[in-house]
Amino acid sequence: MSESLLGAAFLNFCGAGRLQAFHYSGSDRSQACTKPFRKMASAGSAEMFAKMLENQMVQTANLMEQQLDAEINKLDQMDDDELDRLKERRLAALKKAQQQKQDWLSKGHGEYREISSEKDFFPEVKESKNVICHFYKESTFRCKIFDKHLTVLAKKHIETKFIKLNVEKAPFLTERLRIKVIPTLALVKDGKTKDYVVGFTDLGNTDDFTTEILEWRLGCADIINYSGNILEPPSLGQKKFGTNFTKVEKKTIREKTYDSDSD
């Protein structure tokens with residue numbers, strides 16, 4: 001049996017009330033879970049418990065097999081018209097996804113690029129749902145570190161627009177957004193700033209953070225479609241940099257709405 005089936009069987013066994021561990025918390029819960037095992041061992045009942053666990057695993061496997069058989073039977077019972085409709089829905093979904101991709105590309109998604117002035121910022125954030133804008137200075141070498149990672153992520157996450165703006169060409173916008181630290185990423189959703197990545201504080205406080213760590217941080221802000229676990233940084237980054245990560249919560253930070261007449 002696989003580990004997942006073993007885990008499911010164990011949980012079902014606990015849930016049946018034989019271990020009665022869920023009435024406790026902390027160390028009490030641990031003691032409640034281990035106490036029955038000690039009693040069973042002392043009574044020479046280990047073999048009986050193993051047999052019961054094996055039976056539970058078999059039942060879990062049979063249930064999963066039944067569910068799979070039901071799905072197969074459902075497909076087998078479809079007539080040609082139903083299969084054709086199913087194919088049409090899938091083709092329509094693929095066509096819609098392709099159209100969305102082309103729309104994103106036509107708006108400058110899929111690449112990390114520089115905009116020339118703060119006047120260009122407003123139409124850029126208005127025409128796209130998700131925008132990441134890197135506020136940088138040529139003289140700040142850490143901005144080049146962001147450049148490297150954002151170039152990779154722009155190609156991977158075409159659902160989001162990635163742009164950069166020189167703060168020396170955008171004094172009004174920099175002041176309005178209260179940007180004090182360079183580099184800073186402004187994360188804009190639906191025309192409003194929802195979050196900021198200020199320096200490398202959220203990225204392990206190191207210049208050597210990975211692209212995966214930055215991707216995770218952007219995923220926490222829901223500015224990209226992130227498929228990983230947002231509750232913790234990628235394990236690769238944890239092994240390399242330890243635990244120097246700022247806790248990130250999904251929340252609105254200094255929300256601003258951009259109007260074209262603001263320039």
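## Overall fold

Helices (H or I, at least four residues) and strands (E, at least two) are DSSP runs, numbered from the N terminus. In this predicted model, the protein has 9 helices and 5 strands, and along the sequence these elements follow the pattern α-α-α-α-β-α-β-α-β-α-β-β-α-α.

Contact here means heavy atoms within 4.5 Å; among contacts between residues at least 6 apart in sequence, 70% join residues at least 24 apart.

## Basis and confidence

Residues are numbered from 1 along each chain as its sequence is written, and side-chain values use heavy atoms, with hydrogens and water left out. Since the model is predicted, local features need pLDDT of at least 70 and side-chain atom pairs count only at pLDDT 80 or more, whereas totals for chains, interfaces and linings use all residues.

The term pLDDT stands for the predictor's confidence in each residue, from 0 to 100. The protein averages a pLDDT of 78, and 72% of the residues score at least 70. Over residues 1-6 the pLDDT is below 50, and this stretch has 9 contacts in the model beyond near neighbours in sequence. Residues 8-37 also have a pLDDT under 50, and for them the model has 31 contacts beyond four places in sequence.

## Surface and burial

The protein exposes about 16,200 Å², of which carbon and sulfur atoms supply 50%; accessible areas come from the Shrake-Rupley method with a 1.4 Å probe, and for residues only the protein chains shown count as cover. Of the 263 residues, 38% are buried, where buried means under 20% relative accessible area, exposed over 50%, and partly exposed in between (1.4 Å probe, protein chains only).

## Nonpolar cores

A nonpolar core is a set of buried Ala, Val, Leu, Ile, Met, Phe, Trp, Tyr and Cys residues joined through side-chain atoms within 4.5 Å. The largest one has 20 residues, and those with the most contacts inside it are Phe146, Phe162, Leu185, Leu214 and Leu218. Helix H6, strand E4 (184-189) and helix H8 (211-220) each supply at least two residues of this core, and H6 gives the most, with 5 residues.

Leaving aside residues up to four places away in sequence, Leu218 touches Ile132, Leu153, Phe162, Leu185, Leu187, Val197, Ile223 and Ile224. A second, separate core of 17 residues includes Phe121, Leu165, Val167 and Val188.

## Threonine 140

Threonine 140 is found in the loop between strand E2 (130-136) and helix H6 (141-156). Threonine 140 counts as buried because its relative accessibility is 19%. Apart from residues up to four places away in sequence, threonine 140 touches Ile182 and Pro183.
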